[in-house]
Amino acid sequence: MSEIFKSMKFEIVTKRLYLRMWEESDVLWYRELVGERGVDKPTLEAARDKIILFRERAIESGISLLPICRRDEGDVIGYCGLIIGRSTLEEPEIAYELFKRVHGQGYATEAASAVMEAAVATGRRRIWSTVRAWNHPSFRVLEKIGFKRHHSDWDEKGEIVWNVRDLN
Ligand SMILES: CC(C)(COP(=O)(O)OP(=O)(O)OC[C@H]1O[C@@H](n2cnc3c(N)ncnc32)[C@H](O)[C@@H]1OP(=O)(O)O)[C@@H](O)C(=O)NCCC(=O)NCCS
């Protein structure tokens, strides 16, 4: 846990959504979501280990990705939250990934706005997000929640754009 920052809220409610801490039963949908990336689905065991790690890291660091549930439908549609990612615990990244069947309905923007409010409440000053240059929907979500493009890095898969939002 950081000595400077408060833990983020791990229960967040918005108009249509609620975000909560990971539960063991999340392995089922998490495997399907990873499968939508066009890679092999993780095994049940690998997915379970990942969820245990998410929970441990949340307690240790005070930040986390959180499953996103729809309040009316009661289903899980993906996740959104804060991670160290390519950045730091002091200036973490916002990240999100939703099932294709729910894209284009403003859910990522709604979840990410609420996560940004939770980030402000921890006392942080800056949040980053690194996005592959081809990922237009992700840039649009960031733009809608007040991020600006900052600089780019390159790795073996191509350009990674760093986006930033100052919080005060
Ligand atoms: C990025 C992602 C989370 C967006 O989720 P979503 O719920 O569809 O997002 P929203 O509906 O809140 O907003 C999407 C915006 O992108 C726009 N958009 C969609 N496809 C687009 C495209 N090809 N070019 C430009 N804009 C696009 C939508 O029109 C919408 O903007 P608008 O409200 O101005 O119309 C979703 O596409 C996803 O899960 N992708 C796979 C995982 C991923 O890439 N995560 C981010 C890694 S950095």
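Reader: Which ligand atom does the polar side-chain atom of Asn135 lie 2.7 Å from?
Author: An oxygen atom of the ligand; the gap to the polar side-chain atom of Asn135 is 2.7 Å. This is a predicted model, where local features need pLDDT of at least 70, side-chain atom pairs count only at pLDDT 80 or more, and totals for chains, interfaces and linings use all residues. Residues are numbered from 1 along each chain as its sequence is written, and side-chain values use heavy atoms, with hydrogens and water left out.

Reader: How much of the ligand does the protein bury?
Author: The protein buries 65% of the 960 Å² that the ligand exposes when taken alone. Accessible areas come from the Shrake-Rupley method with a 1.4 Å probe, and for residues only the protein chains shown count as cover.

Reader: Which elements give two or more residues to the shell around the ligand?
Author: Those are β5 (93-98), α3 (107-121), β6 (126-132) and α4 (136-144). Helices (H or I, at least four residues) and strands (E, at least two) are DSSP runs, numbered from the N terminus.

Reader: And which one gives the most?
Author: α4 does, with six residues in the shell.

Reader: How many residues surround the ligand, and which are the closest?
Author: There are 19, and the closest are Gly104, Thr109, Asn135, Arg140 and Lys144. A residue is near a molecule or strand if one of its heavy atoms lies within 4 Å of it.

Reader: How many are nonpolar, polar and charged?
Author: The shell has seven nonpolar, nine polar and three charged residues. Ala, Val, Leu, Ile, Met, Phe, Trp, Tyr, Cys and Pro count as nonpolar, Asp, Glu, Lys and Arg as charged, and the others, Gly among them, as polar.

Reader: Thr109 was on your list. What distance separates an N or O atom in its side chain from an oxygen atom of the ligand?
Author: That distance is 2.5 Å for Thr109. With Ala108 it is a backbone N or O atom that lies 3.0 Å from a ligand oxygen.

Reader: New topic. Where is Glu110, in a helix or a strand?
Author: Glu110 is in helix α3.

Reader: Is that residue buried or exposed, and why?
Author: Glu110 counts as buried because its relative accessibility is 16%. Buried means under 20% relative accessible area, exposed over 50%, and partly exposed in between (1.4 Å probe, protein chains only).

Reader: What does the side chain of Glu110 make a polar contact with?
Author: The side chain of Thr14, at 2.7 Å. A polar contact is a pair of N or O atoms within 3.5 Å; within protein, one must be able to donate a hydrogen and the other to accept it, and residues adjacent in sequence count only if both atoms are side-chain atoms.

Reader: What about Arg70, buried or exposed?
Author: Arg70 is buried, at 11% relative accessible area. This residue lies in strand β3 (residues 65-70), and a polar contact of 2.7 Å joins its side chain to that of Asp75.

Reader: Where is Leu66?
Author: Leu66 is also placed in strand β3, and is buried with a relative accessible area of 0%. Its C-alpha atom is 5.3 Å from that of Tyr79, 13 residues apart along the chain.

Reader: And Lys100, why is it classed as exposed?
Author: Because the relative accessible area of Lys100 is 54%. Lys100 sits in the loop between β5 and α3.
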